[in-house]
Amino acid sequence: MMESNILKWIPVPYFQLNQEGEILHFSSQAHSYFSSVSSLWSIIHKDDRKQAMWMLSQHSSSNPIIRHLRLRTTDDIFVNFKCTIHWKNGVGHLVCTEKKNVKDPLDVVLSAQSYLENSDKRLKESDKVLNNAADLLFNRLKH
């Protein structure tokens with residue numbers, strides 16, 4: 001029981017789970033991120049369940065396994081998390097850290113394209129203003 005009290009104070013969403021995905025213990029931070037903490041399956045996005053099954057099937061591995069999963073938060077929205085699990089004696093030690101400011105590569109390309117298009121538009125407008133100013137100056141100098 002002492003160990004589960006210590007686990008509560010881990011400053012990241014942390015779970016101890018069995019090979020079926022049942023949560024045995026969790027940190028307070030995990031409880032504040034995720035309202036339902038009895039089973040891993042209750043918070044994993046349906047499209048990421050195959051990845052999670054694969055992570056649970058690696059219980060004989062001595063290396064940490066990392067996957068990016070969408071997990072349902074207390075706000076009832078799915079957020080991207082980097083999930084790292086390390087198995088020891090049939091118990092999975094799972095740490096989930098929120099992936100902040102990670103953009104889809106396509107979003108980055110579209111954003112850059114939009115920026116370039118806006119820059120091009122501003123340059124054309126500036127060019128018109130400069131040409132009008134040059135015409136005015138030229139006309140004044142002519143007279």
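Colleague: In the hairpin of E4 and E5, which residue takes a positive phi?
Modeller: Asparagine 89, with phi near 50 degrees. This is a predicted model. The hairpin of E4 and E5 has two residues between the strands.

Colleague: How many residues stand between the strands in the hairpin of E3 and E4?
Modeller: Five. There, aspartate 76 takes the positive phi, near 65 degrees.

Colleague: How many bridges join strand E4 to strand E5?
Modeller: Eight. E4 covers residues 78-88 and E5 covers residues 91-98, and the two run antiparallel. Take the pairs across the strands next. Tryptophan 87 stands opposite glycine 92 in E5. Histidine 86 stands opposite histidine 93 in E5.

Colleague: In which sense do E3 and E4 pair?
Modeller: Antiparallel, over eight bridges. Histidine 68 faces lysine 82 of E4 across the pairing, standing opposite that residue. Isoleucine 66 stands opposite threonine 84 in E4.

Colleague: How do I read the two faces of a strand?
Modeller: Start with the general idea. In a regular strand, side chains alternate between the two faces of the sheet. Now the case here. The covered face of E4 holds Val79, Phe81, Cys83, Ile85 and Trp87. The uncovered face holds Phe78, Asn80, Lys82, Thr84, His86 and Lys88.

Colleague: What is the order of the five strands in the open sheet?
Modeller: E2-E1-E5-E4-E3, with antiparallel pairing.

Colleague: Why is one side of E2 and of E3 left without a neighbour in the sheet?
Modeller: Strand E2 (23-26) and strand E3 (65-72) stand at the edges. Each has a single partner strand, so one side of each lacks a neighbour in the sheet.

Colleague: By how many degrees are neighbouring strands of this sheet turned against each other on average?
Modeller: By 30 degrees, direction ignored.

Colleague: Which helix packs on the sheet?
Modeller: Helix H3, residues 49-57. H3 touches strand E1 (14-17), E3, E4 and E5. The direction of H3 makes about 135 degrees with that of E3.

Definitions and conventions:
Residues are numbered from 1 along each chain as its sequence is written. This is a predicted model: local features need pLDDT of at least 70, side-chain atom pairs count only at pLDDT 80 or more; totals for chains, interfaces and linings use all residues. Side-chain values use heavy atoms; hydrogens and water are left out. Two strands pair if DSSP finds at least two bridges between them. Helices (H or I, at least four residues) and strands (E, at least two) are DSSP runs, numbered from the N terminus. Axes are lines fitted to C-alpha atoms, for helices over the stretch in contact, and angles run from 0 to 180 degrees between N-to-C directions. Contact means heavy atoms within 4.5 Å. Buried means under 20% relative accessible area, exposed over 50%, partly exposed in between (1.4 Å probe, protein chains only).
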